[in-house]
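Dear colleague,

I am passing on the structure below, together with some notes on its side-chain contacts. Please have it open while you read.

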Amino acid sequence: MTPPPAVPRGLLVAALRSGSGKTTVTLGLMRALARRGLAVSGAKCGPDYIDPAFHGAATGRPSLNLDSWAMPPALLAGLARQAAVGADLVVVEGLMGLLDGVGDTPGRSGASVDVARALGLPLVLVLDVSGQSQSAAAAVAGIRVLAPDLAIAGVILNRVGSERHVRLVTQAMTAIGVEVLGALPRRPDLVLPERHLGLVQAEETADLAAILDRLADFAEAHLAIDRVIACAAPLGAPDPSGGRPLPPPGARIAVARDAAFTFLYPHLLLGWRAAGAEIVPFSPLADEAPPDDCDVCWLPGGYPELHAGRLAAATGFRAGLARFAETRPVHGECGGYMVLGRTLTDAAGTVHPMAGLLDVATSFATRRMTLGYRSVELLADGILGRAGQRLAGHEFHYATVIDAGGDPPFALAADVHGGASVATGARRGRVTGSFFHVIAGA
């Protein structure tokens, strides 16, 4: 058993581009550390629902999101310190490339580099060195030029081809004073399955525990785990006066939770519980209605397009949801918004009736990827706040609106690139919905 650090410590596993292998490296490292007896917490930079669930499966502890664009600095720091409670190590996984962000506000670009700076995290860079050798050092040297304030603890070479390949890259890294913390050979069999919004969700991945153990075995065989542990830097103590997430929308919140409804940020649930709210899960796929003793219903995003037939056949759920909405608020985010509409057309072109509580019709057959941060202004009092309140979040979906219907819009949404605000979503009575995923107050 590896002795735990004296105080909670943290590091950021990052890459120079997407597809470098940082998620599989992160999961293997997390699992290997946990198997050594360390209490490991995970966190994910940016708006990602799927990776934190894998972190939780690898470590046995909840994983949170840290988003420098959508979260005020106090909230980001507070969540990082919350992740450190009871942990020996906090392993933060970056998103996309280390410096990739949006906007021009220093420290608020959404890039992984913002999180590293805000929390003082040293970097462990995962480099896909397939197709190059000494040139990999030039990319790392470039990070030093563009971000000279960051501490590069070391690099992990991924997809190496031979011992000679490793030697050439290592010599070049040594020449610029960067430690090589391991070299991973190509392993096409150690790949997690994917679908249109990213990895297949952790709870749907067959034999996930065995996959994580194989990743940990791979990490143990090829990484200098003790050196990685030594790279981590101390994290600050929890600050109870740190930023707060959105207040709970009710005292007892009925939250749809099954394979069709999974995308709800962990920091929101933790914040709502900390504020005294009770989360009551129910399963639309099991034809369950929102419990009648709740005072608000939340339909998160997820994959309703993959389960449209079952949702259409869930008459108990649909009738119960309609009864609930007669007297209490119901809100749908992204996939939840699609289910609140009149119809959902699946990938095969089959039209399925949905709850009909909003007039919108959506389609997964007519696909277009929509991705990006959004700042929204609420147009009426409702579940997320008063009219005029601004919220920060994002959209990520392939479904399209084929008929917006006649309901008034839910909010005005603006992207981060200076475009004009546009109407988004719909509201009718106590029911609201849009493709917007809320992260924090703006």
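How many aromatic pairs does a search of the whole structure find? The model is a predicted one, and the search returns eight aromatic pairs.

One of these pairs joins Tyr49 and Tyr265, whose ring centres are 4.1 Å apart and whose planes meet at 20 degrees, so the pair is stacked. Because Tyr49 belongs to the loop between β2 (40–45) and α2 (50–59), while Tyr265 belongs to the loop between β11 (252–256) and α9 (266–274), the pair ties together parts that are 216 residues apart in sequence. Tyr49 and Tyr265 are both buried.

A further aromatic pair, formed by Phe263 and Tyr303, is edge-to-face, with 5.5 Å from centre to centre and 70 degrees between the planes. This pair also links distant parts of the chain, since Phe263 lies in the loop between β11 and α9 and Tyr303 in the loop between β13 (296–299) and α10 (308–313), 40 residues apart. Phe263 has a relative accessible area of 6% and is therefore buried, the cut-off being under 20%; Tyr303, at 0% relative accessibility, counts as buried too. Taken together, Tyr49, Phe263, Tyr265 and Tyr303 are linked by ring pairs into a cluster.

Two contacts between a charge and a ring may also interest you. The charged end of Arg328 is placed over the ring of Phe324, at 4.0 Å from its centre, and Arg187 lies over the face of Phe218, with 5.3 Å to the ring centre.

Note on methods
Residues are numbered from 1 along each chain as its sequence is written. This is a predicted model: local features need pLDDT of at least 70, side-chain atom pairs count only at pLDDT 80 or more; totals for chains, interfaces and linings use all residues. Side-chain values use heavy atoms; hydrogens and water are left out. Rings of Phe, Tyr and Trp (its six-membered ring) pair if their centres lie within 6.5 Å; planes under 30 degrees apart count as stacked, over 60 as edge-to-face and the rest as tilted. Helices (H or I, at least four residues) and strands (E, at least two) are DSSP runs, numbered from the N terminus. Buried means under 20% relative accessible area, exposed over 50%, partly exposed in between (1.4 Å probe, protein chains only). A charge sits over a ring if NZ of Lys or CZ of Arg is within 6 Å of the ring centre and within 35 degrees of the ring normal.
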